[in-house]
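Keep the structure open beside the text as you read.

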Amino acid sequence: MKHSRILLIGSLCMICLIAAVMPAGAAPVNGTAWNINPEHIAAMQAFVAYAGAKGQAQMDGTISYLGTISNNAGTSQLSSIESQFTGTVSSVQSMTTGDQIRDAETQLSADRKDFMTTAKESLREYNGTGKALAASVNASVMAQSATLQTLENTWWADRQTARMDEFAANDQRRTGVLSNLTTKGIDVSQAQAIENQIQQEGTVLNTALTSRDESAIKAANEQLTTLNRQFTTIVKGYRAAHTHRATATTTVTPVATL
């Protein structure tokens, strides 16, 4: 039973990765709020389509095996859960906000857990084995390998487009801030040095996305977060110092007395 538990938990939890792999930026991109930005939504939808198709294939394999050992007596509830799961996956493709998709992901997570619990009970009840279950699940996934590969490729392409467009929009805002401060006579060389590092890290991130290297993507995003915080802190210092100088040099004209 330990083997089957690991199989079910490991093979049906792809949807929960969405928070880790998708950018969580809230800033507008091309004038559109991130929650409704078309490129961000497309990337989220592509991931759910891919993860949902793989989850369905795994569920099919599970149901097939349990149906065999139970003479189909232990599959009706599993089939019902799978139907709800696939219906939610399909509905995501017409959603228009990130919030809607995250709500759907919550439902998918609940369906997945319900499916796993029910499958484990049926496996125990009908004296199934984890090894045989794994074989059935793997065979089902392999049968859908071409479709899954296409969906995965689409997800990676959409993910890279959305993430790098977010980066470009943020980079444009930082450049605008530096330009504005420069026109006020402020020496922005320290912030510009950080901005240069951010641009270099953006190239690293894009390369990591192209190579589909999750560890490198995570490292690049963490480094960008640190650099962005440094940039923000430096800019706040510039503005505070500028405000202080402007206040100190302001001449107050005394009010004439009658």
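Ala57 sits in helix H3; helices here are DSSP runs of H or I with at least four residues, strands are runs of E with at least two, and both are numbered from the N terminus. With a relative accessible area of 2%, Ala57 is buried (buried means under 20% relative accessible area, exposed over 50%, and partly exposed in between, with a 1.4 Å probe and protein chains only). Setting aside residues up to four places away in sequence, Ala57 touches Ser140, Val141 and Gln144, where contact means heavy atoms within 4.5 Å. Asn138 is 81 residues from Ala57 in sequence, yet their C-alpha atoms are 8.8 Å apart.

Before going further, a word on what you're looking at. This is a predicted model, so local features need pLDDT of at least 70 and side-chain atom pairs count only at pLDDT 80 or more, while totals for chains, interfaces and linings use all residues. Residues are numbered from 1 along each chain as its sequence is written, and side-chain values use heavy atoms, with hydrogens and water left out.

How confident is the predictor? The mean pLDDT of the protein chain is 87, and 83% of its residues reach 70 or more; pLDDT is the predictor's confidence in each residue, from 0 to 100. Two stretches to treat with care are residues 1-6, where the pLDDT is below 50, and residues 15-27, where the pLDDT is also below 50. Beyond near neighbours in sequence, residues 1-6 have 10 contacts in the model, and residues 15-27 have 31. Where pLDDT is low, the predicted coordinates should not be read in detail.

Now for the overall layout. The protein chain has 9 helices and 0 strands, so its pattern along the sequence reads α-α-α-α-α-α-α-α-α. Of its 258 residues, 41% count as buried. Among contacts with a separation of 6 or more, 79% are between residues 24 or more positions apart. The accessible surface comes to about 13800 Å², and 54% of that belongs to carbon and sulfur atoms; these areas come from the Shrake-Rupley method with a 1.4 Å probe, and for residues only the protein chains shown count as cover.

Next, the inside. Which residues have the most contacts within the largest nonpolar core? They are Ile101, Phe115, Ile198, Leu205, Phe231 and Tyr238, in a core of 50 residues. A nonpolar core here is a set of buried Ala, Val, Leu, Ile, Met, Phe, Trp, Tyr and Cys residues joined through side-chain atoms within 4.5 Å. The elements giving two or more residues to this core are H3 (38-70), H4 (76-92), H5 (98-125), H6 (130-143), H7, H8 (189-211) and H9 (214-248). H3 gives the most, with 12 residues. In soluble globular proteins, nonpolar side chains tend to be buried together.

Spanning residues 145-183, H7 has 39 residues and reaches 57 Å from its first C-alpha to its last, close to the 57 Å expected at 1.5 Å a residue (the expected span is 1.5 Å times one less than the number of residues). Just after H7, Gly185 takes a positive phi of about 85°.

Arg174 lies in H7 and is buried, at 7% relative accessibility. Leaving aside neighbours within four places in sequence, Arg174 is in contact with Phe167, Glu195, Ile198, Asn228 and Phe231. Arg174 also meets Asp171 in a salt bridge (3.0 Å, N to O), meaning a side-chain nitrogen of Lys or Arg within 4 Å of a carboxyl oxygen of Asp or Glu. Because Arg174 and Asp171 are 3 residues apart in H7, about one helical turn separates them. Asp171 counts as buried too, at 13%, and Asp171, Arg174 and Glu195 are linked in a network of salt bridges.

The structure holds 5 salt bridges. What does the one between Arg159 and Glu214 tie together? The two side chains meet at 2.9 Å, N to O; Arg159 lies in H7 and Glu214 in H9, so the pair joins parts 55 residues apart in sequence. Arg159 is buried at 2%, whereas Glu214 is partly exposed at 34%.

Finally, Arg102 forms a salt bridge with Asp99, the closest N and O atoms being 2.8 Å apart. Arg102 and Asp99 are 3 residues apart in H5, about one helical turn. Arg102 is partly exposed at 37%, and Asp99 is partly exposed at 42%.
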